[in-house]
Amino acid sequence: MKLFNYWRSSSSYRVRLALHFKGLPYEYVPVSLIKGEQHEALHRDRNPAGYVPVLEVEEGGVTSAISQSVAIFEYLEERYPEKPLLPRSLVGRAQVRAMVELINSGIQPFHNLSTLNHLKALGVDEKKWAAHFIDLGLEGLEKLASKHAGTFSFGDTFTWADCCLVPQLFGARRFGGNVEKFPLLVRVEQACLALPHVQAARPDAQPDATPG
Ligand SMILES: N[C@@H](CCC(=O)N[C@@H](CS)C(=O)NCC(=O)O)C(=O)O
């Protein structure tokens with residue numbers, strides 16, 4: 001498998017967490033969002049929307065490019081079910097998906113690079129705008145997680161919800177958010193960061209990471 005991704009992209013970080021948790025080897029292929037490589041024809045061919053991450057997989061001799069971190073989660077879960085990232089109960093699985101969606105559709109799009117660039121072009125204070133929505137989303141997540149969390153976001157095993165939470169708090173800090181307002185989320189994040197597979201997936205541990 002090949003993962004086309006960028007060290008600081010939170011959606012890329014989610015997929016790295018799933019891959020490392022499952023112990024799946026992959027080739028790391030950097031796509032620099034700062035240099036605009038996501039818009040190059042070669043990458044648009046993999047993902048016409050021009051985003052990372054993209055996971056390239058081979059099934060039955062056919063190579064396919066899968067975009068969207070949650071679709072990638074689903075593929076990996078079905079393809080490699082041995083170390084599950086979803087709880088067993090049906091309702092539990094739905095609750096994890098609810099936390100994932102709160103982040104995936106309710107927070108991350110508000111601080112995506114293309115969103116921020118457009119806001120800037122409109123003369124909006126894009127950092128302040130993004131910080132508002134990150135804060136609002138995390139407030140909802142703190143309350144939702146308080147119904148389900150154990151050591152991790154849902155009970156005592158690492159799930160997709162944690163694959164999304166850890167990168168989201170990383171992203172929130174980048175935008176100057178005061179994540180300490182969300183003690184449960186920070187406690188879960190710290191439990192996650194103590195795990196070796198999380199350390200391996202961290203942005204600053206990636207080959208394209210740059211200081212600062
Ligand atoms: N919902 C998508 C989001 C993908 C996405 O927004 N990726 C960002 C990085 S986290 C990106 O490639 N942005 C490039 C741009 O906006 O130009 C996913 O989960 O994969």
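Modeller: Gln 68 sits in the loop between β4 (62-67) and α3 (69-79). Helices are DSSP runs of H or I with at least four residues, strands are runs of E with at least two, and both are numbered from the N terminus. The model is predicted, so local features need pLDDT of at least 70 and side-chain atom pairs pLDDT 80 or more, while totals for chains, interfaces and linings use all residues. Residues are numbered from 1 along each chain as its sequence is written, and side-chain values use heavy atoms, without hydrogens and water.

Colleague: What is the phi of Gln 68?

Modeller: Most residues other than glycine have a negative phi, and most peptide bonds are trans. Gln 68 has a positive phi, near 75°, and is not a glycine.

Colleague: Which residues does a cis peptide bond join?

Modeller: Val 52 and Pro 53, with omega at about 5°. Pro 53 belongs to the loop between α2 (41-46) and β3 (54-59).

Colleague: Which residues come nearest to the ligand?

Modeller: A residue counts as near if one of its heavy atoms lies within 4 Å of the molecule. There are 17 residues around the ligand, and the nearest are Val 52, Gln 68, Ser 69, Asn 112 and Ser 114. Val 52 is also joined to Pro 53 by the cis bond, and Gln 68 has the positive phi.

Colleague: Which element gives the most to this shell?

Modeller: α1, with 3 residues. Both α1 (10-22) and α5 (113-121) supply at least two residues each. The shell has 5 nonpolar, 11 polar and 1 charged residues. Here Ala, Val, Leu, Ile, Met, Phe, Trp, Tyr, Cys and Pro count as nonpolar, Asp, Glu, Lys and Arg as charged, and the others, Gly among them, as polar.

Colleague: How many Å separate an oxygen atom of the ligand from an N or O atom in the side chain of Gln 38?

Modeller: The distance is 2.9 Å. The side chain of Gln 108 has an N or O atom 3.0 Å from a ligand oxygen, and for the side chain of Arg 14 the distance is 3.2 Å.

Colleague: Which space does the ligand take?

Modeller: The largest pocket. A molecule sits in a pocket if more than half of its atoms lie within 2 Å of its grid points. On a 1 Å grid over the protein atoms alone, a pocket is an open set with protein on both sides within 12 Å along at least five of seven lines; in a cavity a 1.4 Å probe fits but cannot get out, and lining residues have an atom within 4 Å of a point. The largest pocket has a volume of about 770 Å³, counted as the space filled by probe spheres set on the points. Its lining has 33 residues, and Leu 33, Gln 108, His 111, Asn 112 and Leu 113 are closest to the centre. α5 gives the most to this lining, with 5 residues.

Colleague: Which residues line the largest cavity?

Modeller: Met 99, Ile 103, Leu 141, Ala 145, Ser 153, Ala 161, Leu 165, Leu 185 and Val 188. Two or more of the lining residues come from each of α4 (90-104), α6 (126-148), α7 (160-174) and α8 (183-193). By class the cavity lining has 8 nonpolar, 1 polar and no charged residues.

Note on methods
Polar contact = N/O pair within 3.5 Å; in protein donor to acceptor, adjacent residues only side chain to side chain.
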